[in-house]
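Please consider the model shown here with its sequence. The account that follows is written to be read beside it.

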Amino acid sequence: MSLEVMLGAALVGAAAAVVVLLLGRGWRTGAASRRQQRQHDYQQLAVANGLTRAETKALSRIVRAAQLADPKLVFVRPSLLDSCAAPARVPAEAVRSLRAKLFGS
Amino acid sequence: MVLPPGLSIVSISTTFAYLARLPIAQQWASYEAALGERHEALQLAACRALLDPRRGSRPELVVDYFADLQPSVQRELLPQRDQLLQLARKRITAAQEPRRLAAYRLVVALDDLASSDLLAQGLADPQPEVRELAQCSLVSYLRTLALEWRTLRETASEAPGLPTGAEAAVWQAFATALRQFAAHNCTDFVDLLAEFGVDSLPIVLGIVLVGQDGGLQRAFTRSLLTQPTPWATELLLAIAKESTPATASLLQQVFAGLATAPLAPAMVEQLTNLRDPRLLATLQSSLGCAWWPVVAAVAPKLGESEAQRLLLLLAGADLEPVRRQAHVEAFLGHSAVNVQIAAVVLLQAMRCPAGLGALAKVLETAAPPVRLAAARLAIDLSPPNLVTMLTPLLGSAEVDLRQLAMREVSKISFVRYLQRFDGMDATARQVAARALAKIDVQMLDRVAEEVASLEPQRRLKALQIVEFLEAGQDLQGSLLDLLADPDPRIRATAIRVVELAGSVEGIKVVLGTLADPDRRVRANAVEAFEQLDDPRFAQLLTPYLRDRDNRVRANAAKALWHLGCPEARDALVDMLTDRDETMRLSAVWAIGEIQFEGARDLLELRELAEPSLKVRAKIREVTTALGARPEVRR
């Protein structure tokens, strides 16, 4: 195998590695961005719905207990307040308050 | 939309307003999640967002969740009904669509009869849930349709006819479901056929009986055997009216089954309860052939009113008379007396063209009222063996029955007696007449009828019977008419028979006959007066001592002697020397009858001078008789 060939192969490998690195970084960057966006949406919805900081935290615990990938979904899923309040250790009073504010009942 | 109390749509609106600002693809997940919640406001908001073209429109997600939406939300979506149904149809008809169950559920939830074809298609779906849903839903539609059909039928005499409009799609799906019977084996569809009565006939003829699906035909047969409804009966009748090899085969199976089926009586009851004149006509026309084995098998078990109605149907059925009689006779074994009597009455109206064989058992074993009706029928038709048929009734404990039988048997016996009268000698006639009179309390009435007969021979015969029975006194009224009978033999006999005592009218008539041109009549008239044993009539009879007829003169002498007139003796002595031989013969007879003192000497003296051998022989006969008994008279 000639030196030129070996150098050529090394260059191609390096280029591929660079591409892979760049793509991985971009993906991680996109995922983080999406996470951030979701979190942002969650916070915005909490504010828009007039939740207190404590209520927002309680709702966050429910989101974690429900293992929601997208936390804003908790604003359209009242059933999670029933099913996840206990594992999330959210007091009943807080649940009632959240329900009233988010879903009107 | 009416919101539940306390529901704040403000928060939900806030949430959805925020979601609406997100990129469209990010919105859908939230809307879909909202659809899955049992929350009216959430579901409705999600549906509106998904159906909004400005937000990219994902109506298929609404289709997916539609069946699980709250009823109020489903109602709110009715304006989008066509759009959703179109989507569902597209999804169902698309090959290999994994989410077709949701589409089917939407079709069912929207209660869209026009989409029944989709349900029919679902019957053969590879997905069991789809098959089950399609089957249940289609059956439910058809039951509703059948209920409406029956309601219409109950208010109108005619069948409502095949469905139209959206319901026609259900009907088409019904046909499809039956064509696919082998794939789903759902017998509910087969049972539904009978629920539509005669309107199912096209499907039965076009699908059930045409195809090679033996399972379908067996299911249909079983269905008919287990549904004793008027509509099933109606359908069966309609099938019976079709005369094709397929219908004949089906009917054969049904009838074979019906004859032993526990529900057969109920089925026949339905038959008898038919009110539609058209169906009744069908029933009557097929009663004799197709239906009869079934009817005959259950006839004794039918209710009274049903049996009566069936008899009425039989009465009006277009049947060959002998066959009709056989059918009617099956009801003689019914437990209800009224049914048995109705059968007998019908047999009477038919005049029993096949004979009265079945009545014999009835006369022996049935309840008294039935036996009475049967006896009257037998008497009315008067078969040759009537006496044999009625004989068991002669010993009946029922007075009416016994008297009827006695009267008829006596009547027949009397007729036979009259028929054989001429062939019997006098003794036999008398013995038979008296024997008959002992068993027949109406014999004198019968004799009186004969006395009034237009035929002289019969009147004469009747008079002789009166004489045998010594019933002149009882029949005096009838006999007096005969004293003026145009036939001299009858007048003569009547005078002899009649008892005149106590009858002024009779005496007048007999007085008239004393001048009858017939000598036998005059003689008998004289004899009749003798029987009166009343000296006041002697003056009436005295002129007859000079009658030109020997019998009259001799009878007059005999009568006058008995009435205490001694000149009668002188008249007879004169007659003994009359130039007329018959006069002398009659004189000898009369002397022998009255046996006055010295009669024997007188006759012996005359014998010596008598030139006629005949008269001498008569004298010897009389004197011999006189010698045998003492001459004890005045």
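Predicted model: local features only at pLDDT ≥ 70, side-chain atom pairs only at ≥ 80, totals over all residues.

Residues are numbered from 1 along each chain as its sequence is written, chains are lettered from A and ligands numbered from 1 in the order in which they are written, and side-chain values use heavy atoms, with hydrogens and water left out.

Chain B contains 38 helices and 0 strands, these being DSSP runs (helices H or I, at least four residues; strands E, at least two) numbered from the N terminus. Of its 634 residues, 50% count as buried, that is, under 20% relative accessible area, whereas exposed means over 50% and partly exposed lies in between (1.4 Å probe, protein chains only). Chain B exposes about 29,200 Å², of which carbon and sulfur atoms supply 53%.

Within chain B, helix α6 (residues 81–93) includes B:Gln86. This residue counts as exposed because its relative accessibility is 59%. The C-alpha atoms of B:Gln86 and B:Val107 are separated by 9.7 Å, the two residues being 21 apart along the chain.

In chain A, A:Arg64 belongs to helix α2 (residues 53–65). A:Arg64 has a relative accessibility of 58% and therefore counts as exposed.

Note on methods
Areas by Shrake-Rupley, 256 points an atom, 1.4 Å probe, with all protein chains shown as cover.
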